[in-house]
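These are my notebook entries on a single protein chain. I began with ring contacts and then turned to the chain as a whole.

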Amino acid sequence: MKTIKLYEHDAYIKEFEAKVIECIPVKKGYDVILDQTAFFPEGGGQPSDQGTLNGYPVEDVQMMDGEIRHRISEELEPDTYVKGKILWDKRFRIMQNHSGEHIVTGIIHNRFGYDNVGFHMGSEAVTLDLNGTITAEQLDEIEEKANEYIRDNIPIKAIYPTKEEEETLEYRSKMEIERDLRVIVIEGADVCACCGTHTNTTGEIGLIKLLGLQAHKGGVRISMLAGRDALDDYHNKHKQVVNISRMLSAKTGQVDGAVKKMQSDYETLKLNMMERTKELLEEKAKGVKEGTSYLCVKENLNGNDLRLYVNLLMERCKVVLALSPGKDQGFSYIIGSKEQDCKGIGQKLNQEFNGRGGGSPQMVQGNLQGTYEEIKELFISLL
């Protein structure tokens, strides 16, 4: 027998009683099949419900071979009756997000003719993929229109058209329908085949926030949140803005300007630091006698500054090895010379000190594992 899908007829059922038809041992627990259920099985981009059966946590709900299977850790006897409880907060958030997605996708389909070719409710956001492109400005307009539908508090209805009615009914569909057709109708906004759970009215969604837009497989991917999830997202981001405004001594509405000024000040400071570092390295290089045959130095410098220092020393030395302390007691290294082939020296150092790196005959760079004294000793022996 087929399990009666209580969630299709009343998405607000929080508790129910059902008869155990079968309890199937599986690798991690038991799959329970009931005569009726309010648990929605994962499908169509919507995650499964969570809750309990006779107090045992329902970890997952899947549709397998036409049967709805509830995964629990304990065995339930067939032909006994159980009490099911839905984790309502999660269910209602899903209903708000799913209903919000219908409105957004419906608006886009009606305005641009694009189809929803992908839909997923993730832990951080809902994503919907469209087979066409829209601009950031159009996204703002879509969000405003979507929230107008929420303010109008329009009923969200599920209808089951007959085969004859299907012939004339215009509706969206994300996939080929192989079973009895169920269509969600939001007057003016959307008419779409869907098996998921939804709020009774658009007003219960509360809020729709479109978070972002990115190119995806020739179309676009929109990230969004609705209802309590959208409100939680706003609260979290508002707290961050308030904290940042305090750190920057700026009003919350002026944070972006304060950050831009900080970035500009940082870039100016970085350029000044680069100039001062260059001047210091030039003075330090002048302390090396011109015509020196070889030199091995250890300096705590970043990659760009270390390369600059080697270039300066190459004007005064035939071969230069510069080392800078790195991770795990190793070193970053650069070998430079206008007269000798540095690649051969680098290969020998890499072999001996478990190193990695490469470059040109004039300059090689990489990483070595060893002590400064050991590396210096081998370097000198190779000249």
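I looked up the aromatic pairs and found five in the structure. I paired rings of Phe, Tyr and Trp (its six-membered ring) if their centres lie within 6.5 Å, calling planes under 30 degrees apart stacked, over 60 edge-to-face and the rest tilted. I note that the model is predicted, so local features need pLDDT of at least 70 and side-chain atom pairs count only at pLDDT 80 or more, while totals for chains, interfaces and linings use all residues. Residues are numbered from 1 along each chain as its sequence is written, and side-chain values use heavy atoms, with hydrogens and water left out.

I took helices (H or I, at least four residues) and strands (E, at least two) as DSSP runs, numbered from the N terminus. Tyr12 and Trp88 also form one aromatic cluster with Phe92.

Is Trp88 buried or exposed? I recorded Trp88 as buried, because its relative accessibility is 19% (buried means under 20% relative accessible area, exposed over 50%, partly exposed in between, with a 1.4 Å probe and protein chains only).

I turned next to Phe16 and Phe39, whose ring centres are 5.9 Å apart with planes at 75°, so this pair is edge-to-face. The two residues are 23 residues apart and again join distant parts of the chain: Phe16 belongs to strand 2, and Phe39 to the loop between strand 4 (36-37) and strand 5 (51-53). Phe16 is buried at 6% relative accessible area, and Phe39 is buried at 0%.

I then looked at the whole chain. I counted nine helices and 21 strands in its secondary structure. The C-alpha trace spans about 95 × 50 × 45 Å along its principal axes. The radius of gyration is 33 Å, whereas a compact globule of 383 residues would have one near 21 Å; I took the radius over C-alpha atoms, and the globule rule is 2.2 Å times the number of residues to the power 0.38. Of the 383 residues, 42% count as buried.

I finally checked contacts (heavy atoms within 4.5 Å). Among those with a separation of 6 or more, 60% involve residues 24 or more positions apart.
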